[in-house]
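Please view the sequence and the model together.

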Amino acid sequence: MERPLPQAWLEMSDGRMLWLDAGACTLGRAAGCTHVLDFPGISRSHAMLQPGPAGGHLVADLRSTNGTYLNGVRLEQVSPLRDGDRVELGDIALVYRCQQTPGQGADSGATSVLIHSGDCWLVMLDIIGFTAHTQQVGADAASADFKRWLELVRPVLMRCGCTINAYLGDALFGYWRKDRQPAAQVATAIRELVTLQPSSPRPFRILLHHGRVRISGGLQGENLAGPDVIFLFRIEKSTKPLGSLCVLSESAANSLGMVEETRNLGRHAVTDYEGTHGFYGLGG
């Protein structure tokens, strides 16, 4: 089966996404660069990213005047990039993001430290039937659909204060910390995502859970852990038979005050978790 290459891109602080294609990609002020960054401190040909031999990308400085920095360290040689790495060119900070393969978790590094332990809203957006779609239309067309989908949903999450933690194949995983974002902001994001589902280039599901999470930080960003994180990933499969494109766990619906506007999907078993658990559906 033809598989699409993992998508990778650079995120700018203003929300723009610079897509990285299969070949080498140059960054700088010159018109001939793949991505033109006309900002102070950036050389005409400043840096280059190219696919690595083991997946992901390599980054190299092109003898720029002000240098290229990876996670705060000036590059002296070609270096591999990992999801969440911070690349700085002059005064511009870019975050490298890429789809992770199944089973590949976020890696915050050996020097990670606990930075928060508390309640969070956890969200997963999952494209439906992406593997079958790839078989039908081919890898290039499937990759183009993924790009359009991400460009549709990502602005909603960013505008509503969601931190996107990882891109997992044909899904993304993010969170809101309860001590930083109000419930109304989370509810707004979920409602807006539901309104986007009919116009999405590919159908997708929304899964939301509320629970206690441990967040550790390292060079590659934040890593989330705890039973409630695993619970969200378990309900992705457990709730498919319920037929809802937006599923809220009982704790999520209650914490957002959305029980009245949702429909009760009943109580159901979740793999590896005792008893049954309540779920609610929003939208069609």
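**Cysteines and aromatic pairs**

In this predicted model, the sulfur of Cys25 lies 8.7 Å from the closest cysteine sulfur, that of Cys33, which is too far for a bond.

Q: How many disulfides does the structure hold?
A: A disulfide requires two cysteine sulfur atoms within 2.5 Å. For Cys33, the nearest cysteine sulfur is that of Cys25, 8.7 Å away, and Cys33 is in no disulfide. The number of disulfides in the structure is zero.

Q: Is Cys25 buried or exposed?
A: A residue counts as buried under 20% relative accessible area. The relative accessible area of Cys25 is 2%. Cys25 is therefore buried.

Q: How is the aromatic pair of Trp9 and Phe146 classed: stacked, edge-to-face or tilted?
A: Planes under 30 degrees apart count as stacked and those over 60 as edge-to-face, with the rest as tilted. The ring centres of Trp9 and Phe146 are 6.4 Å apart, and their planes are at 50°. The pair is tilted.

Q: How many residues apart are Trp9 and Phe146?
A: Trp9 belongs to strand β1 (residues 8-12), whereas Phe146 belongs to helix α2 (residues 139-159). The pair thus links distant parts of the chain, and the separation is 137 residues.

Q: What is the angle between the ring planes of Phe146 and Trp149?
A: Phe146 and Trp149 are three residues apart in helix α2, about one helical turn. Both Phe146 and Trp149 are buried. Their ring centres lie 5.9 Å apart, and the pair is tilted because the angle between the planes is 45°.

Note on methods:
Residues are numbered from 1 along each chain as its sequence is written. This is a predicted model: local features need pLDDT of at least 70, side-chain atom pairs count only at pLDDT 80 or more; totals for chains, interfaces and linings use all residues. Side-chain values use heavy atoms; hydrogens and water are left out. Rings of Phe, Tyr and Trp (its six-membered ring) pair if their centres lie within 6.5 Å; planes under 30 degrees apart count as stacked, over 60 as edge-to-face and the rest as tilted. Helices (H or I, at least four residues) and strands (E, at least two) are DSSP runs, numbered from the N terminus. Buried means under 20% relative accessible area, exposed over 50%, partly exposed in between (1.4 Å probe, protein chains only).
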